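My notebook is open and I'm going to write down what I look up as I go. Here is the structure I'm working on.

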Amino acid sequence: MILAARSTEAERMDTDCADYDDYRVCLRDLARVNTVTLTHRPMLSWLARESAGLPTISVLDVACGHGDALRRIRRWARRRGLDARLSGIDLNPWSTRAAREATSPEDAIVYHTGDVFAFHPPAPVDFIVSSQFTHHLSSEEIIRFIGWMEANASRGWFIGDLHRHILSYLGFPLLARAAGWHRFVREDGRISIARSFVRADWRSLLAEADLGAEEAVISWHVPFRLCVSRRCSPR
């Protein structure tokens, strides 16, 4: 049955882009997808709740891509007069290059290139976030990632990703074609949805990571976003 389980089909963007300029256009269009589909709204709402009353916060975005989530956090923090130390990490050096080029020096966002599992934040991090990252991972890697966040997030972590659903699976290619997004964005979008999650997937993954229902929250958001968040005891 279609979408009955997570797909293992590989996405093409990270392997088939011809050169940096081609990859940069893909990232730019992915940032536009995130804007149109309200990708960052659940994360910002979560940060607002978790940072209430704090004069300053630090946030690390894992698999930061074009840096659009961090730039949104910067604007959000400025509106609230919140001092935010922001950084991102991505495995692909083209991603961090594109993110730096798209980010004003005034935003004071630090970008790192590297494997997150080998990365040790140079300073303590309050909140770790990721957007559309975990569907790229195997179940074993997701469990390892949860453990990594548990070890490195002082106050909490947030995973934003897709809900595996037939409506989004069939509808995204129509939206992407109408918007004229890069061909890899159009093609990989459907693969991403097929690789993503339903609630039962996350319940199983959290249980494997030794986190119960009272310790991590699974939440659904319009349109077809399935997010997982966790409040940690400050340390």
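**Entry 1: a helix lying across strands.** I started with helix H9, residues 199-208, which lies across E5, E6 and E7. I looked up its direction too: H9 runs at about 160° to E6. A note to myself before going on: this is a predicted model.

**Entry 2: the sheet.** Next I wanted the strand order. It reads E3-E2-E1-E4-E5-E7-E6, in an open sheet of seven strands with mixed pairing. Which strands sit at the edges? I found E3 (109-113) and E6, since each of them pairs on one side only.

**Entry 3: a parallel pair.** I zoomed in on E1 (residues 56-62) and E4 (residues 125-131), which run parallel and are joined by four bridges. I picked out Leu60 and found that its bridge partner in E4 is Ile128. Then I looked at what packs here. Helix H6, residues 139-152, packs on the sheet and touches E1, E4, E5 (153-162) and E7. The direction of H6 makes about 150° with that of E5.

Entry 4: How do E6 (residues 217-221) and E7 (residues 225-231) pair, parallel or antiparallel? They pair in the antiparallel sense, over five bridges. Trp220 has Leu226 in E7 as its bridge partner. The hairpin has three residues between the strands, and Phe224 takes a positive phi near 60° there. Pro223 is in the loop between E6 and E7 as well. I checked the peptide bond from Val222 to Pro223 and it is cis, with omega near -10°.

**Entry 5: H7 against H8.** Time for helix pairs. Two packed helices are described by the angle between their axes and the distance between the axes, so I looked up both. For H7 (residues 166-179) and H8 (residues 183-195), the axes come within 9 Å and cross at roughly 165°. Angles over 145 degrees count as roughly antiparallel, so H7 and H8 are roughly antiparallel to each other. Their crossing is right-handed. On the H7 side, the contact is made by Ser168, Tyr169, Leu170, Phe172, Pro173, Ala176 and Arg177. On the H8 side I listed Val185, Arg186, Gly189, Arg190, Ile193 and Ala194. Sorted by class, the residues of this contact are eight nonpolar, two polar and three charged.

**Entry 6: H2 against H8.** The axes of H2 and H8 come within 9 Å and cross at roughly 55°. That angle makes H2 oblique to H8. This crossing is right-handed. From H2, the residues Asp22, Cys26, Asp29, Leu30 and Val33 meet Arg183, Phe184 and Val185 of H8. I sorted these by class too: five nonpolar, no polar and three charged.

**Entry 7: Gly189.** I went back to one residue of H8, Gly189. Is Gly189 buried or exposed? The relative accessible area is 12%, and buried means under 20%, so Gly189 counts as buried. Leaving out residues up to four places away in sequence, Gly189 touches Phe172 and Phe184. I also looked up how far Gly189 is from Gly81: their C-alpha atoms are separated by 36 Å, and they are 108 residues apart along the chain.

**Entry 8: His135.** His135 is in the loop between E4 and H6. What does His135 touch, not counting residues up to four places away in sequence? I wrote down Arg6, Glu11, Asp161, Leu162, Ser192, Arg195, Ser196 and Phe197.

Entry 9: Leu38 has phi near 60°, a positive value in a residue other than glycine. I found Leu38 in the loop between H2 and helix H3 (41-50). At 34% relative accessibility, Leu38 counts as partly exposed. Ala108 has a positive phi too, near 50°, and is also a residue other than glycine. Ala108 is in the loop between helix H5 (93-102) and E3.

Note on methods: Residues numbered from 1 in each chain as written. Predicted model: local features only at pLDDT ≥ 70, side-chain atom pairs only at ≥ 80, totals over all residues. Heavy atoms only, no water. Axes fitted to C-alpha atoms, helices over the stretch in contact; angles between N-to-C directions. Helix = DSSP H or I, 4+ residues; strand = E, 2+ residues; numbered from the N terminus. Parallel < 35°, antiparallel > 145°, perpendicular 65-115°, else oblique. Left-handed = near helix turned anticlockwise from the far one by under 90°. Contact = heavy atoms within 4.5 Å. Nonpolar A, V, L, I, M, F, W, Y, C, P; charged D, E, K, R; others polar. Pairing = 2+ DSSP bridges. Buried < 20%, exposed > 50% of the residue type's maximum accessible area, 1.4 Å probe, protein only.
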